[in-house]
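User: Hi! Could you walk me through this protein, step by step?

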Amino acid sequence: MRALVALFLLVVFAAPGWAAGPLSYHLKPVAIAPDTWVFEGTREHFTRTNGGNILNPGFIITDDGVIVIQTGPSRRFGEEMRAAIATVTDKPIRKVFVSNLHPDYWLGNRAFADVSIAALPGTIEGIKTEGQGMTENMYRLVGDWMRGTEPLVPTETVYGSTVVFGTHRLRLIPLEGHTAADLAILDETTGVLFAGGVVFSDRTPTTPHADVAKWLVALDALDALEVTVLVPNHGRIRSDKAAIAQTRDWLTWLDRTLRERAEAGADMAELLDASIPERFSGMGVLREEYRRSVSHLWPRIEQAVLPRVN
């Protein structure tokens, strides 16, 4: 019996997501421009090792207080993020912006419940509709990191406008394509673009709510901006717009490939192991996200193509 208990303890506490001490994201703010900081996430899937830390949330310190952009995948993340901000400035949090309904953008909201949390109308509606299910799925994916996390819907609706905090002019840019409502934020004072869910950098785009045609239009809109630093939702922060071109290239290739194969009469199973061009080989979680995108996009593409084929 004693041996069985020992074996049980070994299996449980060696499993991914379990640790001898308290879980911690070990968040370290990275300065990317005057008054502007980012917490860089990994280029991975949600796992019990990373706790869902795959996003690049950030904050801007202004004379009117701190502006937070995204709150992360869990209450624990939001609390650690807030504590890390306090190591940089003693100014109060003035406002939080959430860019879309995906869970790593807003499940840290409980840590900021005492301030205004702003989002586009479509994001607010999406969180109201899907937020509980997304929360439950995150518990399944990353386990104990989620302890104490409950959905908190953004409290303020924003639209396309320019808002001023101290000397920082923030242009709020409503887009769509990655989801039905994607908020990008351009700090006109520093030229830093927080691209929300629209731009990926050396990380394969995710597509569970995607409309590729609208997404490509959104990329064109961002490409037209004057930008000094681009903060993608996932992946490497850049001082150029190469990540916009990379995201556009991937989406264009993916959409064209699926449509051509549908018109040729292929079925979805044939696509899952199809070859991917070498130029995309450096993108994180490439094969996994490609397969997920096939499952997300194929049914609608096949439905659109079948009438012409028949």
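**Strand pairing and overall form**

Analyst: β4 and strand β5 (residues 93-97) run parallel to each other and pair over four bridges; two strands pair if DSSP finds at least two bridges between them. Helices (H or I, at least four residues) and strands (E, at least two) are DSSP runs, numbered from the N terminus. This is a predicted model, in which local features need pLDDT of at least 70, side-chain atom pairs count only at pLDDT 80 or more, and totals for chains, interfaces and linings use all residues. Residues are numbered from 1 along each chain as its sequence is written, and side-chain values use heavy atoms, with hydrogens and water left out.

User: Which residue stands opposite V66 in β5?

Analyst: The pairing of β4 with β5 is parallel. Within β5, the residue opposite V66 is I93.

User: In what sense do strand β3 and β4 pair?

Analyst: A hairpin of two residues joins β3 to β4. I60 stands opposite I67 in β4. Over five bridges, β3 (residues 58-62) and β4 pair in a sense that is antiparallel.

User: Is strand β4 largely enclosed or open?

Analyst: Buried means under 20% relative accessible area, exposed over 50%, and partly exposed in between (1.4 Å probe, protein chains only). Five of the five residues of β4 (residues 65-69) are buried, so the rest of the structure leaves this strand largely enclosed.

User: What is the strand order in the open sheet of five strands?

Analyst: The edge strands, each pairing on one side only, are β8 (161-165) and β13 (229-231). Inside the sheet, β9 (residues 168-175) and β10 (residues 182-187) are antiparallel partners over six bridges, and L175 stands opposite D182 in β10. With mixed pairing, the order is β8-β9-β10-β11-β13.

User: What is the radius of gyration of the protein, and why does it agree with a compact globule?

Analyst: The radius is taken over C-alpha atoms, and the globule rule is 2.2 Å times the number of residues to the power 0.38. For 310 residues a compact globule would come near 19 Å, so there is agreement with the protein's value of 20 Å.
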